[in-house]
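Let's take a friendly walk through a protein chain. Please have the sequence and the 3D view ready, and follow along as we go.

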Amino acid sequence: MIATRPGAATPTRYYPSTTATFNGDLDYIAIEHAMNGEPVKLTRGERIEAARQLDARGIHATEIGRRLGVARDTVTARRKNGWVIPATAPDPEPIDIGGATHGRSGYTRGCRCRPCKDGANAASKAAKARRKAAA
């Protein structure tokens with residue numbers, strides 16, 4: 001929370017929307033709290049939206065970064081990028097390693113046993129082939 005000394009003017013409170021509280025993946029109530037410097041957990045999209053709205057109100061990038069808990073350079077980079085929310089990469093397909101019997105999923109990352117190494121190599125080759133076929 002932004003503190004004020006006794007007798008000082010109350011800081012301006014920013015509101016992202018007058019009626020909506022939620023839009024798809026954006027929680028406007030969380031965005032409002034972040035815009036006013038209150039501690040709140042935000043998704044990447046909410047953080048970008050809060051920064052965009054603060055920038056539209058003429059707030060300096062350093063102050064936006066302080067309120068949202070990001071670096072000033074991050075704010076200026078997002079501004080140059082047009083406030084676009086970056087697409088997230090899809091989760092990779094699970095590795096099918098055949099009949100391996102250890103680890104929760106049948107595979108332990110970094111395992112050197114023959115079934116795990118063979119399965120990981122086969123999955124890697126199959127993924128390369130799919131990428132090459134898609135190109």
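In which loop does Trp83 lie? Trp83 is found in the loop between helix 4 (72–80) and helix 5 (114–134). Keep in mind that this is a predicted model.

Most residues other than glycine have a negative phi. Trp83 is not a glycine, and yet its phi is positive, at about 60 degrees. Is Trp83 buried or exposed? Its relative accessible area is 15%, and because buried means under 20%, Trp83 counts as buried.

**The whole chain**

Now zoom out. The chain has 5 helices and 2 strands, and from the N terminus on, its elements run β-β-α-α-α-α-α. Of the 135 residues in the chain, 26% are buried. The accessible surface comes to about 9800 Å², and 52% of that surface belongs to carbon and sulfur atoms. If you take the contacts between residues at least 6 apart in sequence, 34% of them join residues at least 24 apart.

**A closer look at helix 2**

Helix 2 covers residues 44–56. After helix 2 comes Gly58, which has a positive phi near 85 degrees.

Several residues of helix 2 are buried, among them Gly45, Ile48, Ala51 and Leu54. What covers the buried residues of this helix? The cover includes strand 2 (26–27), helix 1 (28–35), helix 3 and helix 4.

With a relative accessibility of 6%, Gln53 is buried. Setting aside neighbours within four places in sequence, Gln53 is in contact with Tyr15, Pro16, Tyr28 and Met35.

| Residue | Location | Relative accessible area |
|---|---|---|
| Trp83 | loop between helix 4 and helix 5 | 15% |

**Where helix 2 meets helix 3**

How do these two helices pass each other? The axes of helix 2 and helix 3 (residues 61–68) come within 10 Å and cross at roughly 145 degrees, and the crossing is right-handed. On the helix 2 side, Arg47, Ala50, Ala51, Leu54 and Asp55 take part, and they meet Ile64, Arg67 and Leu68 in helix 3. Sorted by class, this contact has 5 nonpolar, no polar and 3 charged residues.

Notes
Residues are numbered from 1 along each chain as its sequence is written. This is a predicted model: local features need pLDDT of at least 70, side-chain atom pairs count only at pLDDT 80 or more; totals for chains, interfaces and linings use all residues. Side-chain values use heavy atoms; hydrogens and water are left out. Helices (H or I, at least four residues) and strands (E, at least two) are DSSP runs, numbered from the N terminus. Buried means under 20% relative accessible area, exposed over 50%, partly exposed in between (1.4 Å probe, protein chains only). Axes are lines fitted to C-alpha atoms, for helices over the stretch in contact, and angles run from 0 to 180 degrees between N-to-C directions. A crossing is left-handed if the near helix is turned anticlockwise from the far one by less than a right angle, and right-handed if clockwise. Contact means heavy atoms within 4.5 Å. Ala, Val, Leu, Ile, Met, Phe, Trp, Tyr, Cys and Pro count as nonpolar, Asp, Glu, Lys and Arg as charged, and the others, Gly among them, as polar. Accessible areas come from the Shrake-Rupley method with a 1.4 Å probe; for residues, only the protein chains shown count as cover.
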